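Here is a short report on one protein model. Keep the sequence and the 3D view open while you read.

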Amino acid sequence: MTPTDRGNAWIVRSHPRSRPRLRLFCLPYAGGAASAYRTWPQALPADVDVCAVQLPGRAGRFREPAFTRVGDLAPALAEALRPLLDVPFAVFGHSMGALVAFELARELRRRALPAPARLIVSGREAPHRPDPDPPIRDLPDASFLGEVQRRYDAIPAEVLAEPELMQLLLPVIRADFTLIETYGYRAAEPLACPITCFGGTEDDRVGREDLEAWAEQTRGAFNLRIFAGGHFFVDSARDDVLRAIVDELAEPAAQAVAP
């Protein structure tokens, strides 16, 4: 991907749009980086500006400490995105990214900043639903990585086979799981923006009821879309997911929403 926007380390664009109709902020899953979205701009309309969020602790920001609390990350992210909220925008987040996207939308509302035209949450239970998994953030390295693999099968074998590389990645993965496992939902007024939720047919960690529960977090419209695949259906069913995003962003509801 191209370097981060000048003066904004949080955003990476592979194909910047000079006059976008809408910006799409994309938040990564645990251990992920902005590079997860490097191919998305080619599949989305030319008037959609894909802004991949680069969280601290990874890629070009690897020297910065990763956040371990959503309550600290959401305000910092809201402030970083403020200059880019001059056109309608949507927010997409997968797994951990869905949780961060939700709390970002709440933080924007607290600051009386523009609201997302649409919030697209993927591969995660609604925030008020209990996390079905026991915490693993404090396990020894080998046990921690083994449990991450057992749950998500997300780390490529060639990466696991490189101890030095794993030592670089491990702090970020552990920090992200700390962020997830220390999250405490606080009840509040549902969001004004519509919410679309994506799920996988074979994702045994997130059930349909967990996905449907996202409807309780919006006063607007709610859509649920299910794709073939497991937890990382966003990769295995990439083309279908991107077509669905095109549809969601083309709907009349994808306009500016009052906070």
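Are Y37 and F92 buried or exposed? Y37 is buried, and so is F92. Buried means under 20% relative accessible area, exposed means over 50%, and partly exposed lies in between (1.4 Å probe, protein chains only).

## Ground rules

This is a predicted model, in which local features need pLDDT of at least 70, side-chain atom pairs count only at pLDDT 80 or more, and totals for chains, interfaces and linings use all residues. Residues are numbered from 1 along each chain as its sequence is written, and side-chain values use heavy atoms, with hydrogens and water left out.

Helices (H or I, at least four residues) and strands (E, at least two) are DSSP runs, numbered from the N terminus.

## Aromatic pairs

A pair of aromatic rings is described by the distance of the centres and the angle of the planes. Rings of Phe, Tyr and Trp (its six-membered ring) pair if their centres lie within 6.5 Å. Planes under 30 degrees apart count as stacked, over 60 as edge-to-face, and the rest as tilted. By this rule the count comes to twelve aromatic pairs. One of them joins Y37 and F92, edge-to-face, at 6.0 Å centre to centre and 85° between the planes. Y37 lies in the loop between β3 (22–27) and α1 (40–43), and F92 in strand β5 (residues 89–94), so the pair ties together parts that are 55 residues apart in sequence.

F102 and W214 also form an edge-to-face pair, with 5.7 Å between centres and 75° between planes. F102 sits in helix α3 (residues 96–110) and W214 in the loop between α7 (208–212) and β8 (222–227), so this pair ties together parts that are 112 residues apart in sequence. Both F102 and W214 are buried. Ring pairs also build a cluster: Y37, W40, F92, F198, F227 and F233 are linked this way.

## Charges over rings

A charge sits over a ring if NZ of Lys or CZ of Arg is within 6 Å of the ring centre and within 35 degrees of the ring normal. R61 meets this rule with W10: its charged end sits over the ring, 4.4 Å from the centre. R174 lies over the face of F144, 4.5 Å from the ring centre.

Four of the five residues of strand β2 (residues 8–12) are buried. Two strands pair if DSSP finds at least two bridges between them. β2 and β4 pair in the antiparallel sense over two bridges. I11 has V53 of β4 as its bridge partner.

Q54 lies in the loop between β4 and α2. Q54 is buried, with a relative accessible area of 7%. Contact means heavy atoms within 4.5 Å. Leaving aside neighbours within four places in sequence, Q54 is in contact with A9, W10, V12, A33, A34, A59 and R61.

A59 lies in the loop between β4 (48–53) and α2 (70–81). Its phi is near 50°, a positive value in a residue other than glycine. Most residues other than glycine have a negative phi. A59 counts as partly exposed, at 48% relative accessibility.

## M96 in helix α3

M96 lies in helix α3. At 1% relative accessibility, M96 counts as buried. Beyond its neighbours within four places in sequence, M96 is in contact with P28, Y29, A30, L55, D176, L179 and I180. The C-alpha atoms of M96 and E209 are separated by 18 Å, with the two residues 113 apart along the chain.

The expected span of a helix is 1.5 Å times one less than its number of residues. For the twelve residues of α4 that gives 16 Å, and the end C-alpha atoms are 16 Å apart, which agrees. In α4, F144, L145, E147, V148, Q149 and R151 are buried. What covers them includes α5 and α6 (163–181). D153 follows α4 and has a positive phi, near 45°. D153 lies in the loop between α4 (141–152) and α5 (157–160). D153 is exposed, with a relative accessible area of 61%.

Helix α9 (residues 238–250) has 13 residues and should span 18 Å; its end C-alpha atoms are 18 Å apart, which agrees. Its buried residues are V241, L242, A244, I245, E248 and L249. An α-helix has 3.6 residues a turn, so residues three or four places apart point the same way.
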